[in-house]
Amino acid sequence: MPGRLRKSNPLKKPDRPYYALGLEGSANKLGAGIIKHAEDGSSSVLSNVRHTYITPPGEGFLPRDTAQHHREWALKVIKDALKQAGIAMRDIDCICYTKGPGMGAPLVSVALVARTLSLLFNKPLVGVNHCVGHIEMGREITGAQNPVVLYVSGGNTQVIAYSRQCYRIFGETLDIAVGNCLDRFARVINLSNDPSPGYNIEQEAKKGKRLLPLPYSTKGMDLSLSGILTATEAYTTDKRFRIDPTTDELNGEDIITPADLCFSLQETVFAMLVEITERAMAHIGSKEVLIVGGVGCNERLQEMMGVMASERNGQVFATDERFCIDNGIMIAQAGLLSYRMGYTTPLVESTCTQRFRTDEVHVAWRA
Amino acid sequence: MSPTTPLNPTSPPTLTLISNSTPVAQGAEAKVYKSILHPSREGSPVSIFVKYRFTKQYRHPTLDTNLTRARVAGEARALMKCLRSGVNVPGIRMVDASEGVLGTEWIEGKSVRALLGGGADDEGDDDELLEDGQDTQELLEEDTLKPFGLSQDTLMSMIGTEIAKMHLADVIHGDLTTSNMMLPFPSPSHLTLLYLVDFGLSFTSPLTEDKAVDLYVLERAFSSTHPDSSALFARVLDAYAKRVGEKEWGVVGRRLDDVRLRGRKRSMVG
Amino acid sequence: MDSYQLPQFNRDIHIALLKNVSNASQIRSRIIIAASIPSPQGDAEREAINFAFIDPRLLTSALHIKTAIYQALLNEHQASLRTKSVHSEILWALNPNNNITEAIRRFGVSDSCTSLLIVRISSPDLNDVEAKIKSIVSGDIVPLSQLETLTDWATIKKYYKLNGEPVLEEVAGDTQRERAVLDNIVVSSVAMKTVMQ
């Protein structure tokens, strides 16, 4: 590792406390959070309220219905956030919202609320990149200094490292995101979407015993997941597959259970994620890993990453479901950091972008 | 060489071989060693390069075994394909897939990275070198090449030509950097050839996209490890274009432009 | 004769090259007959000719045969022998495909051989290997380096399917380079046979 000159932090301590409201709705989670940046430079979570749009088992969530859910719940969630924080809109310095990436209609429904509040209360808007939100909240909560970030959710799968005011993408999925892969399989075997399909896959996997062969597809720093999803789905038409095995079957016969498939899928997919993360760590010489995004809640993934990290004398940082899963507070955090560096989003530019790459953001607040 | 370790009857022979070998480096995936396979008394013993893909504890054991075996096999097959197609790559000397080990021809020489000098942002190597067989980088660029009797331009052409031959065989290297290219020290008995090494991330593909990305990875490696090297890299592409022919270069070159514009990869979807 | 130890297998390797061999067909008969005599009557004879008998015209270099020996030992250790013994496994290792009969026919002793390469893989305590060889083969032991003078390059190209490979076009006209390239490819093929599809 080359020595680094200590650069001065561009983000100076605030002269007074700052408060930001963050609004998130890029997928099926609607979140509002309020963060405070105190004069000593510390951040505190004043409130973090969320409501999730849950569909019946076997169904995914569609943009139009999701947007409708967000419209229905926006005011309640925001009011609760303000109440829990014990502050009023007039105390807020800026209104942060998710500019992207994400699903079009849901993003826009939340952006509309943000704009309206901005006009009503005469507060500046700050458009935030959803992924940067995850990263900044992860850093804040865990205290990780300069980790390799594994960002894994329903919509994103990236390995990121910070370099010169940019969150560089080292590796990513070449097709679908890991959360998407897991969620879609959960629906194939009809697992409940409550609280989330990913959570239920994780529980189901714990009961699995067989590791079935599945295609392992990393390509250097990248990975491909559509093949493994197809292959896992294919096992459900195998004659050994039993959707609802009896106790006898479980004890004796050569069968494949949904638990076995969940187990095999997780073990293989997570091994791929750990591998590309390790490659990035070796490449840049980092000893820290920060896992963010909804799939980051998965304890098996955390465990595997931990084994890899400790073999390298490193450390894994992860947050709990308050912060891994999409939330408004992360948008407030990243937004307020931007705002304090002088960044705002004029109304005319307060659009949404379904495709908004993490590395397009100028990370002005870091050296 | 370390003294011979007493024979452990339960230890696999390849692991015993490794324990008696000289460590060279360790990467994320594998440890590499200098070793002697056939310690004959006649003539001087010939060294080989041993790459050991050790067990990854985080992986399920079955997955680990299968994956390691598949990777050793894949690397060996890529090398074989290159050899038959005339790409200068190290020959294969020993394969023990169940232990995750690949033995190849030892190339005594310098990496192109060392020859070009670096010292810029260290984004190249993922290996920590354990030995002091380090290449000194204080030497001026031209001086380092002098013993090899080559100019930088010639070296760049050789690189472009080798990659072209490799791509013509539909082999994608997957990790083209100047650390993975070697010049053997000159000798009266053989020509100085440019070798491509470390095919651990390689795969077979006829796709233009994969070839363009292969070149793009090298371009990025050049610019981050050897600043002011765009003129040099242009030479590499010239030689590549010449070797693959106008038609193929038309296709790959255009795709390379696209890849450059895209930056890293395709745009994300939310 | 070349002898060396491979401590990781707990084995000694002995390699002898003989020219002016006059009893190739007799050796071949001995091998065939010895295989058919049941135990325990046939054991002594089988032990007497417990060697690999190889046609040196099908070898490109000492490295070629040593690579085959090594891979045969790995197979034996991993209990994945395709043939009956480590000696016959060397012949299997030399042949590019899995047809054992063909391997023996191509690389083993044939009636027309006037030179032979003998390999003995033994436990470290075996003595007098050279004497044992001399008692079987009527011929002159010569340095292993003379292997180069015997190589039948045309047949090797045929067996290893090298005719028409792009690499040969590269080095056409330069015999020395061509032979070095062929040797490299042949050695590499033997080394990676277990993972060839």
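## Close-up views of the predicted model

**View 1. Leu290(A) stands opposite Phe317(A), which sits in strand 12 of chain A.** This is a predicted model, and we start with a pair of facing residues in chain A. The strands involved here are strand 11 of chain A, covering residues 288–292, and strand 12 of chain A; they run parallel to each other and pair over four bridges.

**View 2. Stepping back, we get an open sheet of five strands in chain A.** Read across, the strand order is 8-7-6-11-12, and the pairing is mixed. Which strands stand at the edges? Strand 8 (167–172) and strand 12 (315–318) of chain A do; each has a single partner strand, so one side of each goes without a neighbour in the sheet. From one strand to the next, the twist averages 25°.

**View 3. Helix 3 of chain A lies across the sheet strands.** This helix spans residues 130–142, and the strands it lies across are strand 6 (148–152), strand 7 (157–162), strand 8, strand 11 and strand 12 of chain A. Against strand 11 of chain A, helix 3 of chain A runs at about 125°.

View 4. On the domain 1 side 19 residues are in contact, and on the domain 2 side 24 residues. Together the two domains of chain A bury about 1700 Å², with 61% of that on carbon and sulfur atoms.

**View 5. Arg357(A) and Glu172(A) meet through their side chains in a salt bridge.** The N to O distance is 3.3 Å. Glu172(A) belongs to strand 8 (167–172) of chain A, one of the edge strands.

**View 6. A salt bridge joins distant parts of chain A: Asp93(A) with Arg16(A).** Their side chains meet at 2.9 Å, N to O. Asp93(A) is in the loop between helix 1 (63–85) and strand 4 (94–100) of chain A, whereas Arg16(A) is in the segment before strand 1 (18–24) of chain A, and the two are 77 residues apart. Searching the whole structure gives 48 salt bridges over all chains.

**View 7. Chains B and C share the most contacts of the two pairs of chains that touch.** Chain C brings 38 residues to this contact and chain B brings 33 residues. The two chains bury about 3000 Å² between them, 57% of it on carbon and sulfur atoms.

**View 8. Glu165(C) forms a salt bridge with Arg84(B).** The closest N and O atoms of this pair are 2.8 Å apart. Between chain C and chain B the count is three salt bridges, and 14 residue pairs make polar contact across the interface, both at pLDDT 80 or more. On the chain C side, the elements giving two or more residues are strand 1 (2–6), helix 3 (62–77), helix 8 (166–171) and helix 9 (175–191) of chain C.

**View 9. Chain A and chain C have no contact joining them.** Their closest C-alpha atoms lie 18 Å apart.

Conventions:
Residues are numbered from 1 along each chain as its sequence is written. Chains are lettered from A and ligands numbered from 1 in the order in which they are written. This is a predicted model: local features need pLDDT of at least 70, side-chain atom pairs count only at pLDDT 80 or more; totals for chains, interfaces and linings use all residues. Side-chain values use heavy atoms; hydrogens and water are left out. Two strands pair if DSSP finds at least two bridges between them. Axes are lines fitted to C-alpha atoms, for helices over the stretch in contact, and angles run from 0 to 180 degrees between N-to-C directions. Contact means heavy atoms within 4.5 Å. Buried area is the accessible area (1.4 Å probe) that two parts lose on being put together, summed over both. A salt bridge is a side-chain nitrogen of Lys or Arg within 4 Å of a carboxyl oxygen of Asp or Glu. A polar contact is a pair of N or O atoms within 3.5 Å; within protein, one must be able to donate a hydrogen and the other to accept it, and residues adjacent in sequence count only if both atoms are side-chain atoms.
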